Amino acid sequence: MMNAIQIPESTASREVIVSIGHLNKSFGAFHVLKDVDLDVGRGEVVVIIGASGSGKSTLIRCVNGLEMYQSGRLTVDGFSMPTVADRAIGGEKELAMIRKGVGMVFQQFNLFPHMSAIDNVAIAPIRVRGRKPDEARANALRLLERVGLRDHAHKLPAQLSGGQQQRVAIARSLAMEPHIMLFDEPTSALDPEMVGEVLDVMRELAREGMTMMIVTHEMGFAREVADRVVYIDHGRILEIGTPAEIFDRPTHERTKTFLSRVLRH
Amino acid sequence: MTTLAARWVHRNLFAKPFDAALSLVIIPLLAWAVYAFGHWALVEAHWQVVGGSFKVLLTGIYPADQLWRAWFSVATLCAMFGAGLGLSVRPARAAMVAVASVAILIAAGVAAAIDVRSGLLTAGSAALGIAAWVGAHRSGVDQRIVLSGLLAGVVAIFVVLSPPGFEVWGGLLLSVVLTIAVSILTLPFGILLALGRQSRITSLRVISTAYIETMRSVPLILVVYWIWIIVPLLAPDTSVPGLLRGMAGFALFFAAYVAEYVRSGLQAVPRGQIEAARSLAMSTWTLNVDIVLPQALRVVVPSLVGQILDIFNGATLVFIIGLTDFLRAGQMILADPQNSGRAYEVYVFLFAVYLAIGGAITYASRRLEAHLARGS
């Protein structure tokens, strides 16, 4: 066991919003997350890096309950996330409470294809928060303006480029006024020329103080916006530190190997 | 022009020796068949048997002094069909001219066979349908309003037709109303069954699966007959009209098939859609109603429209519980001794009407498929 992980106390001054302790998760016999410990403070931007299959997506998917975990502790916004055993007998209420405060942006955008951009953004506030349709749509229009898509509000997702779809998806999450946003490789499915527009929106969010957990392969972006960078390897957190610590002075051999591979080009 | 025609003939009929041989056999055979049928239809056949029995063929034993109720239904159906058409098909001039000519032909036929008043009523109903088509398309009215209008139309037809009693409904009217009512009834029931089959709640899943598989493994006629005899057992003090019992049997049977279509549609909705809805804290109800079902139903609309044809053709089986549908009405006419020997005329007429309606439904299903494929 490698327990000598140095956790920088940058969270000490902040209120902890996501607290993960000894989290274990497996898909059948495959142990995906092993004894993961991670606290995220309010307003903090945490970027999670690691090779594909290392469990980084699974980790953030646990934070809004899209994946269930077997043992350990996971609290979000003070609510305790139900485990596999809890979910078998209920736990839907806690799950819904947590999800109302957690936004998620997916690699494949996952916009609702049968609704226009504005309806994609307005539907959850109307159906989940019980907002009046007019208010929700007015707010949706403001959010679309914020991500630079006001003129595309009435288009269907199929009529938008990948970068535009991903920005609508971000606006859709923001419409629920989340306390924390999860990004699961938000630019991996985009053509290179569209990556910038999505990262710009995320940069803006970080500047406004949104708490964010981001899984990405954009190392330059990670170095720029992250308060802390987490390196995951085979389901275990090997290293946590400031971007400078991780990118310039990695302590683990495996971190060095990984970074030399992804930073070479 | 002639060279063009010659080239077409050469390429399509006489391209190779085998094609030529086949064409030489089939074309004369076909020509002879068309000539023989045409000669019979125009010279030998006595169409008075059909013209004189129009009332029975179309409405069965519905009281003659109450026929305005049937006319109301025809007009409402035309308007409903037009409004539904307006949602997906643009009323292009050519299409409207084609529809109007067919309507005028039918109206003229009706006028000749029965009386001028009936012909005018037919023409009026068709005009109403075309107006609804153009109106629904031009006004760009919301789909939901049109769909509620269609439901209201069905209810109105039932309310207007029912006073003389369900026992007197018959003929083509019975077949059409039964088909429409059953098509609508199966939809919610089938959707619930499909969702039940996917439910995480074991008892729901087992019951839904058992229901669907049972219905799919027995014949329609058995279910219809079985419901017909079991309703009086379950409710001995009330007399449920045979028509309603028949409808219940049809709806219970076809709901299982709707459930299977809907299930295939549910499976076509990507997992990411459900995850996105979940991540927005949507409840299972909202997730199904707003996100999953609209996408799933879109995929299966052509199959569901195709199933309307199955229901319409299956409606011929209601004679087993003593109802007089279109086919049975034809047989009733032939049972009259003065019409003996006119079986060909009656059956050719039945065949033509079934073919026209079935063809229209098949065409609609195919158009919807193309329309939906383009939209996605």
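Is Cys78(B) buried, partly exposed or exposed? Cys78(B) counts as partly exposed, at 25% relative accessibility. Here buried means under 20% relative accessible area, exposed means over 50%, and partly exposed is what falls in between (1.4 Å probe, protein chains only). Over in the other chain, Cys62(A) is buried, with a relative accessible area of 1%. As for disulfides (pairs of cysteine sulfur atoms within 2.5 Å), a search of the whole structure over all chains turns up zero.

Before going further, some ground rules. This is a predicted model, where local features need pLDDT of at least 70, side-chain atom pairs count only at pLDDT 80 or more, and totals for chains, interfaces and linings use all residues. Residues are numbered from 1 along each chain as its sequence is written, chains are lettered from A and ligands numbered from 1 in the order in which they are written, and side-chain values use heavy atoms, with hydrogens and water left out.

So how confident is the predictor? The model scores ipTM 0.90 and pTM 0.81. Per residue, confidence is given as pLDDT, which runs from 0 to 100. Chain B has a mean pLDDT of 89, with 99% of its residues at 70 or more. For chain A the mean is 91, and 94% of its residues reach 70 or more. Residues 1–9 of chain A have pLDDT below 50, and beyond near neighbours in sequence this stretch has 12 contacts in the model, a contact being heavy atoms within 4.5 Å. Where pLDDT is low, the predicted coordinates should not be read in detail.

Now take a look at chain B. You'll find 16 helices and one strand in it; these are DSSP runs numbered from the N terminus, with helices (H or I) at least four residues long and strands (E) at least two. The C-alpha trace of chain B spans about 70 × 65 × 45 Å along its principal axes. Of the 376 residues in chain B, 40% are buried. Take the contacts in chain B between residues at least 6 apart in sequence: 77% of them join residues at least 24 apart.

Ile114(B) counts as partly exposed, at 40% relative accessibility. Lys55(B) is 59 residues away from Ile114(B) in sequence, yet their C-alpha atoms are 8.7 Å apart.

Chain A has loops worth a stop too. His154(A) sits in the one between helix H5 (133–146) and helix H6 (162–174), and His154(A) is exposed, with a relative accessible area of 61%. Leaving out residues up to four places away in sequence, His154(A) touches Ser116(A), Ile118(A) and Arg137(A). Met115(A) is 39 residues from His154(A) along the chain, with 8.8 Å between their C-alpha atoms.

Finally, a word on backbone angles. Most residues other than glycine have a negative phi. Asn110(A) has a positive phi of about 55 degrees although it is not a glycine. Asn110(A) lies in the loop between strand S6 (102–105) and helix H4 (117–127) of chain A, and counts as buried at 11% relative accessibility. His234(A) also has a positive phi, near 50 degrees. The loop holding His234(A) runs between strand S9 (228–233) and strand S10 (236–241) of chain A, and His234(A) is exposed, with a relative accessible area of 51%.

Terms used
pLDDT is the predictor's confidence in each residue, from 0 to 100.
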